[in-house]
Amino acid sequence: MATEAWLSGPITGIDPMLLPAAHALVQARTDILAAASSLGAVQLWSKPGGAASVAFHLCHVEGSIDRLLTYGRGEQLDDRQRKALAAEREIGAFTWHAERPQATPRSHAELLRGVATSIEAALATFADIDLAELHSPRLVGRAGLPSTVFGLLFHVAEHTQRHTGQIVTTAKIVRGLLPA
């Protein structure tokens, strides 16, 4: 059994203050890939009991990390990110019809690659952060809700972990209910 990320020691370039959040992201990447890599298309896009599909959660992890890091830099979302958010909503609404298979909004490989890339971007941000800026205020969303750089970095990790749990659980359910 592999050692969990939080017990694996330092991560090169990441300050110990940010290590718990970085470890949570590393663990999320490991758990997501283990849970979702071997799913078949029916399993990936299934919505058991009306729950969100694994595909949606994969897309949302990618997009939410990107958006939260943007707010952490003190920026607002750009047109690319707003289009990606609209596409994320479409993925959430997409329904797979096993009796008449159709093209999916994104491929399995693309969804997994998006998660891995976004987690790597977050870890790079953690490594590059100026610790003196951690408590700098940041505004989130169109409403300009208050947070800090540290609050946003922490939320990247805890939000990703929340969706990781949903990916792992939903993957187990669809594996038990549906053929690959």
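How do the residues of the lining of the largest pocket divide into nonpolar, polar and charged? They divide into 4 nonpolar, 2 polar and 3 charged, where Ala, Val, Leu, Ile, Met, Phe, Trp, Tyr, Cys and Pro count as nonpolar, Asp, Glu, Lys and Arg as charged, and the others, Gly among them, as polar. The model is predicted, so that local features need pLDDT of at least 70 and side-chain atom pairs count only at pLDDT 80 or more, whereas totals for chains, interfaces and linings use all residues. Residues are numbered from 1 along each chain as its sequence is written, and side-chain values use heavy atoms, with hydrogens and water left out.

**Overall fold**

- The chain has 6 helices and 2 strands, which follow the pattern α-α-α-α-α-β-β-α along the sequence; helices (H or I, at least four residues) and strands (E, at least two) are DSSP runs, numbered from the N terminus.
- Along the principal axes, the C-alpha atoms of the chain fill a box of roughly 55 × 45 × 25 Å.
- Of the 180 residues, 42% count as buried (under 20% relative accessible area, with exposed over 50% and partly exposed in between, for a 1.4 Å probe and protein chains only).
- Among contacts (heavy atoms within 4.5 Å) with a separation of 6 or more, 69% come from residues 24 or more positions apart.

**Largest pocket**

- The largest pocket holds about 240 Å³ of space, a volume being the space filled by probe spheres set on grid points that are joined across faces, edges and corners.
- A pocket is an open set of points on a 1 Å grid over the protein atoms alone, where a 1.4 Å probe fits, with protein on both sides within 12 Å along at least five of seven lines; lining residues have an atom within 4 Å of a point.
- The lining consists of Y71, Q76, L77, R82, L85, R89, V140, G141 and R142, and helix α4 (residues 79-93) gives the most to it, with 3 residues.

**Two individual residues**

- Q43 lies in helix α2 (residues 41-45) and counts as buried because its relative accessibility is 4%.
- Leaving aside residues up to four places away in sequence, Q43 touches S38, V174, R175, L178, P179 and A180.
- P16, in the segment before α1 (19-36), counts as exposed because its relative accessibility is 63%.
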